[in-house]
Amino acid sequence: MVLEQNLSLVNKVNRLLNWGHWFTFFNILLALVITAAYWWAEPAPQSFAGWVYLLTNWLGHTAFLCFLFFILTIFPVTLIFPYQRHVRGIAAVLATFGLVVLIFDAYVYQALGYHIGSASSEQTIDLLRQQVVTNLRNFILITSVVAALLLVIELVLSNFCWKKVPRLQASGVGQPALYLFLGCFVASHTLHIWADAQLELDVLKQDNVLPFTYPATANTFLAKYNVLDLSRLKESKAEQLQRPTNWREPEALQCVSQQSQPVTVLILSALSAADVALLEQKQFKAHQQHFAPVETQSALLNLVYGSMQLNKDMISVLQQAPAWMDQLPAGNFSISASDAEFQKLLPWLSLTENSAARVKVKFSRDLAAELALLDAQQNTVVLTTQAAESQFDLAPAQLYSNWPELNRIISNTVTQHLDLIPTLLAQLGCHSNWPGDNWFKPSVYPKLNLLPHQMVSFKKDKMILVRDDGSYGVWSAGTLVPLNEKLDIPQLTDALKRVQQQ
């Protein structure tokens, strides 16, 4: 009697396991439809190897995810509750939940460019909040309908597999399907090992497209957005960064008339101890988290042009006045230099200041003389042309201000040279899609600066620096102390949206 009961239990568990395998197989087919959405969010491969990897990775990794889900959820249920009615219902609910999560992750990837997870929780919650706030009724309706439809499909599949287990086993489909999915899984990993050794961009840029695949490295992230050419990296470890995919040029200024207080910006090559003492005496506030390029040409492009001119001859760009100057209302903006020495770098600079302009920018060597000509109550910003030599290409630079509103807004906030022109022109009512921030109305995206050999992003106090050789570091922007953190792909992805066409 005991033996018969044991055999009956073994038979039940064996049939449940056979049912589970076929139930997983049909869920793999459903999941393949969902995971195809990830590839629609990415550009198509350009090589034969890229297409082979896409197909093998799609089939092999999707099957792996479904089988892993079966092992971690449904398989334990068959051991705990070896009763087909319980198991079939519970498995249908679990599978529905898994597919809903997969659909949500695919939606987040389509919208944001990365997967749900701890690193992207803030952005994911914001995206979800936007959907709830803008269209709560449709959101609830669509979510409910999709979940209900999937549950019905899973219950039908569960019952079908249970009733047709003998016929399915006799169909001869199981073994070829197993070989196909297992072969694709092994082939995709083998191909990735080869691509990693050969720096094959068309394969490596597909890292992290599907959930729980290879984590994106600094190299593959830069390659994915075309900031770094991996094929040329094989020849030289000092390959210069280039413009990302879908680079967006600043649009023409949109200006509206508005009233604002006069602003003066004084730019000096360096501030001496006497200059700093004078600024402190006149109650200028120092901003400790202001960053500027160390190299002069990059600093001037950030400071005067409000741009990052990658893939261009920076010297030739500096020979011409910024395009935005011709789009300003006449007489409202003045940019000048105190002597001809500054014209060696910016030959278009005027040596005559327009005293009637509401916003004045002046390159000078004598801070005391310039401050003596200004009203003590006038909003004034004093900063250096570039940062001092540093281990970073973008480093802390000196910035002082007696502008009360500005001091209040940027206190304990990371700022950079790239933000100056958007902020000043906004005072004149002129706006564009600048890569930098208007300090009074900053962008929601993390800050970004692209230099010839480094990409830098700031989010609150966290500074991520990615070098042209693919190495990276995470630092505190306030203290420049290294942080023991992994590469934050969501932060870098969001930062690049500043310069990409949406």
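Cys 66 is buried, at 14% relative accessibility; buried means under 20% relative accessible area, exposed over 50%, and partly exposed in between (1.4 Å probe, protein chains only). The model is predicted, with local features needing pLDDT of at least 70 and side-chain atom pairs counting only at pLDDT 80 or more, while totals for chains, interfaces and linings use all residues. Residues are numbered from 1 along each chain as its sequence is written, and side-chain values use heavy atoms, leaving out hydrogens and water.

**Cysteines**

The closest cysteine sulfur to that of Cys 66 is in Cys 161, 13 Å away, which is too far for a bond. Cys 161 is buried, at 0% relative accessibility.

A disulfide is a covalent bond between the sulfur atoms of two cysteines. Here the term is applied to a pair of cysteine sulfur atoms within 2.5 Å. One disulfide is found in a search of the whole structure. This bond joins Cys 255 to Cys 430, with an S to S distance of 2.0 Å. Cys 255 is in strand E1 (residues 254-255) and Cys 430 in strand E11 (residues 430-431), so the pair links distant parts of the chain, 175 residues apart. Strands (E, at least two residues) and helices (H or I, at least four) are DSSP runs, numbered from the N terminus. The torsion about the S-S bond of Cys 255 and Cys 430 is about 115 degrees, so the disulfide is right-handed. Cys 255 is partly exposed at 31% relative accessibility, whereas Cys 430 is buried at 1%.

**Aromatic rings**

The whole structure holds 14 aromatic pairs. Rings of Phe, Tyr and Trp (its six-membered ring) pair if their centres lie within 6.5 Å; planes under 30 degrees apart count as stacked, over 60 as edge-to-face and the rest as tilted. Two of the pairs are listed below.

| Pair | Centre distance | Plane angle | Class |
|---|---|---|---|
| Phe 26 and Phe 160 | 6.0 Å | 80 degrees | edge-to-face |
| Phe 64 and Phe 185 | 5.2 Å | 25 degrees | stacked |

Phe 64 lies in helix H2 and Phe 185 in helix H7 (residues 174-198), so their pair ties together parts 121 residues apart in sequence. Phe 26, in helix H1 (residues 2-40), and Phe 160, in helix H5 (residues 136-163), are 134 residues apart. Ring pairs also link Phe 26 and Phe 160 with Trp 22 and Phe 25 into a cluster.

Phe 64 is partly exposed, at 31% relative accessibility, and so is Phe 185, at 23%.
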